[in-house]
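Here's a quick briefing to read alongside the sequence and the 3D view. Keep both open and look up each spot as you go.

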Amino acid sequence: MWQRDWRSAVWAQIDEPWDLIIIGGGVTGAGILREAARLGVRALLVEQRDFAWGTSSRSSKLVHGGLRYLKEGKLRLTRNAVRERERLLEEAPGLIDPLGFLLATYKGDRPGRWTYKVGLSIYDLLALRWTHRYYSAADFEMLAPHLAPEGLRGGFRYGDAQTDDARLVLRLIQEAVADGGVAINYVAVCGLLREKGRVTGVRLREEGSGREAEVRARVVVNATGAWADRLRREVGAPPRMRPLRGSHLIFPAWRLPVAQAVGFLHPADRRPVFVFPWEGITLVGTTDLDHEQPLDEEPAISAEEVDYLLEAVRAEFPGLGLEARDVMATFAGVRPVVGSERVDPSRESRDHVIWEEAGLLTVTGGKLTTFRLIALDALEAVRSRLPGLRVPGRRTPVLNPVHLPKPEGVHLEEAQWQRLLGRYGSDAPELVAAAQAGELVPVPGLQTLWAELRWAARAEAVEHLDDLLLRRVRLGLLLPEGGRQLLPAIRAIVLPELGWDEARWESEVSAYSSLWQRAYYLPQGVAGVVPRGAS
Ligand SMILES: Cc1cc2nc3c(=O)[nH]c(=O)nc-3n(C[C@H](O)[C@H](O)[C@H](O)COP(=O)(O)OP(=O)(O)OC[C@H]3O[C@@H](n4cnc5c(N)ncnc54)[C@H](O)[C@@H]3O)c2cc1C
């Protein structure tokens, strides 16, 4: 998608006037760019770091309505989200895939079986698909063999979905670019341009080159998630965001094996905790607490959060003897939540908001799952400022349908081809064609093909090694020590594609290694753990 010299091509046209400038390359910004480009709007998206570098690569990766929101009476939010889930499941298999959820009920549990039954019935009714079913304790133990057996009454199974959040963002951007949108990473908005008090454009600066430009647009959209207050402050708007951190532990699947997601209440505070399979590993999450660290640093799990999540899995899977040293990796993200001065972070609303302040349109809050609805609402809000803007078809597929046949003579299973179509859309055939001998096989233990690394390095705007290993493919999360052992093999594939020399490779490895140690592994001070590096 982004062939060599694409950055210069973008800079050559960057200071022409735009209809729409979107600040922020997470799922909110990418969704708006996708819908705008589809409607023929001249739109530019700029991201200060990498695409999906913010919260949109650090979510729980669920495409869901969230039973929790139902419990809080948020029927509209839940209905919208489960309907979007259904659409995405149908339209983007291989990127959004079904995930079964198990909810165990124990003697004395509050809420108990009948509350869950009512909740799940409403959940299924809102989605117009009946998925849930109750299982006795004996049957339930077969679905989740390692669960604590004492007091187990049985439990429910229901259907939700999961994705690769960073790939979802990339696919949206890829399709937007194919429709004439423009997107560039490592370009920050460092100031807003104003005329007569109204925002008319942005000042841009590129990381590395230091290139700068002043760029004007009819509409400037602030889709910077948890960072939204920064740009709002420039127009004198009072701060509204309450950044809340959520963290996850990653275990190798053999250490915490689950065939589907398992949800239960934390023994200490009765908050829901989920354990779920993803890409061949097991994720445990999440926490929900005020994020006090500077937003420009990569968020990282704290020792207290590690203890909290370990306490939960030890209580629910007592026979597995899980220890901190079993944790393979971690990640943390910051929820863009609008604060309401509630004491308990988990009670803050997760619905999206749209504010117009001095011409700056801020779109934040919300969920990964509902990105398309958020985008349509944002475009509706600026309709009067974009004369001739067509009304978007609410039935248009979210992502372009790609029903391409598997290239002839290529040895890939149907599921592998579907996965490539889901993640790379119409680029999948080119990805396969670019593969060299031995690259159309998975990296050991994973579903990721070696060919994906070559393609990402060649055509997916990779600027740094962490872009490649943490977001284009997820090797940094899925392999022990951030994939350290495979770095020589990765180097052999990607160095010629990226055009890096040996010195650049060494400095990228060193930066990736210290980032991984700092933000994707256990923090110092967790008992029984020795530091591991990816170098
Ligand atoms: C732990 C956790 C779990 C979650 N789980 C789920 C889930 O399972 N399902 C679900 O539906 N939702 C989930 N969410 C919510 C979801 O991830 C977020 O709502 C969504 O990713 C927010 O996307 P965004 O684009 O608004 O923000 P972001 O993804 O953070 O994007 C904003 C971007 O703006 C960029 N930016 C900031 N300032 C500037 C600037 N000056 N110039 C240029 N760029 C700038 C940032 O670098 C960032 O990349 C979860 C959130 C968290 C934290």
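## Lysine 61 and the rest of the tour

Let's start with lysine 61, which sits in the loop between strand 2 (43-46) and strand 3 (62-63). Helices (H or I, at least four residues) and strands (E, at least two) are DSSP runs, numbered from the N terminus. Keep in mind that this is a predicted model: local features need pLDDT of at least 70, side-chain atom pairs count only at pLDDT 80 or more, and totals for chains, interfaces and linings use all residues. Residues are numbered from 1 along each chain as its sequence is written, and side-chain values use heavy atoms, with hydrogens and water left out.

- Most residues other than glycine have a negative phi, and most peptide bonds are trans.
- Lysine 61 has a positive phi of about 65° even though it is not a glycine.
- Lysine 61 counts as buried because its relative accessibility is 0% (buried means under 20% relative accessible area, exposed over 50%, partly exposed in between, with a 1.4 Å probe and protein chains only).
- Alanine 461 isn't a glycine either, yet it has a positive phi of about 55°.
- You'll find alanine 461 in the loop between helix 13 and helix 14, and with a relative accessible area of 3% it is buried.
- Glycine 285 and threonine 286 are joined by a cis peptide bond, with omega at about 0°.
- Threonine 286 belongs to the loop between strand 14 (281-285) and strand 15 (289-290).

**Around the ligand**

- Which residues come nearest to the ligand, of the 37 around it? They are Thr28, Glu47, Ser56, Leu62 and Thr369 (a residue is near a molecule or strand if one of its heavy atoms lies within 4 Å of it).
- By class, this shell has 13 nonpolar, 19 polar and five charged residues; Ala, Val, Leu, Ile, Met, Phe, Trp, Tyr, Cys and Pro count as nonpolar, Asp, Glu, Lys and Arg as charged, and the others, Gly among them, as polar.
- Helix 2 (27-38), strand 8 (187-195), strand 11 (241-252) and strand 16 (329-338) each bring at least two residues to the shell.
- Strand 16 gives the most, with four residues.
- An N or O atom in the side chain of serine 56 is 2.5 Å from a ligand oxygen atom.
- For the side chain of threonine 28, an N or O atom is 2.7 Å from an oxygen atom of the ligand.
- Valine 27 uses its backbone instead: an N or O atom there lies 3.1 Å from a ligand oxygen atom.

**Helix 7 meets helix 11**

- Two packed helices are described by the angle between their axes and the distance between the axes.
- Helix 7 (residues 165-178) and helix 11 (residues 414-424) pack at about 65°, with axes 8 Å apart (axes are lines fitted to C-alpha atoms, for helices over the stretch in contact, and angles run from 0 to 180 degrees between N-to-C directions).
- Arg167, Arg171 and Gln174 of helix 7 make the contact with Leu421, Gly422, Arg423 and Tyr424 of helix 11 (contact means heavy atoms within 4.5 Å).
- By class, this contact has two nonpolar, two polar and three charged residues.

**A closer look at arginine 423**

- Arginine 423 is in helix 11, and it counts as buried because its relative accessibility is 5%.
- The side chain of arginine 423 reaches the backbone oxygen of glycine 94 at 2.5 Å.
- Leaving aside neighbours within four places in sequence, arginine 423 is in contact with Gly94, Leu95, Asp164, Arg167, Arg171 and Glu279.

**Helix 14 and its cover**

- Why is helix 14 (residues 465-472) largely enclosed by the rest of the structure? Eight of its eight residues are buried, so that's how it ends up enclosed.
- The buried residues of helix 14 include charged-class names you can look up, among them Asp466, Asp467, Arg471 and Arg472.
- Their cover includes helix 7, helix 11, helix 13 (450-459), helix 15 (475-478), helix 16 (487-498) and helix 17.
- Tyrosine 512 is in helix 17 (residues 502-519), and at 1% relative accessibility it counts as buried.

**Proline 111**

- Proline 111 lies in the loop between strand 4 (96-106) and helix 5 (113-127).
- At 25% relative accessibility, proline 111 counts as partly exposed.
- Beyond its neighbours within four places in sequence, proline 111 is in contact with Tyr116 and Leu265.

Technical notes. A polar contact is a pair of N or O atoms within 3.5 Å; within protein, one must be able to donate a hydrogen and the other to accept it, and residues adjacent in sequence count only if both atoms are side-chain atoms.
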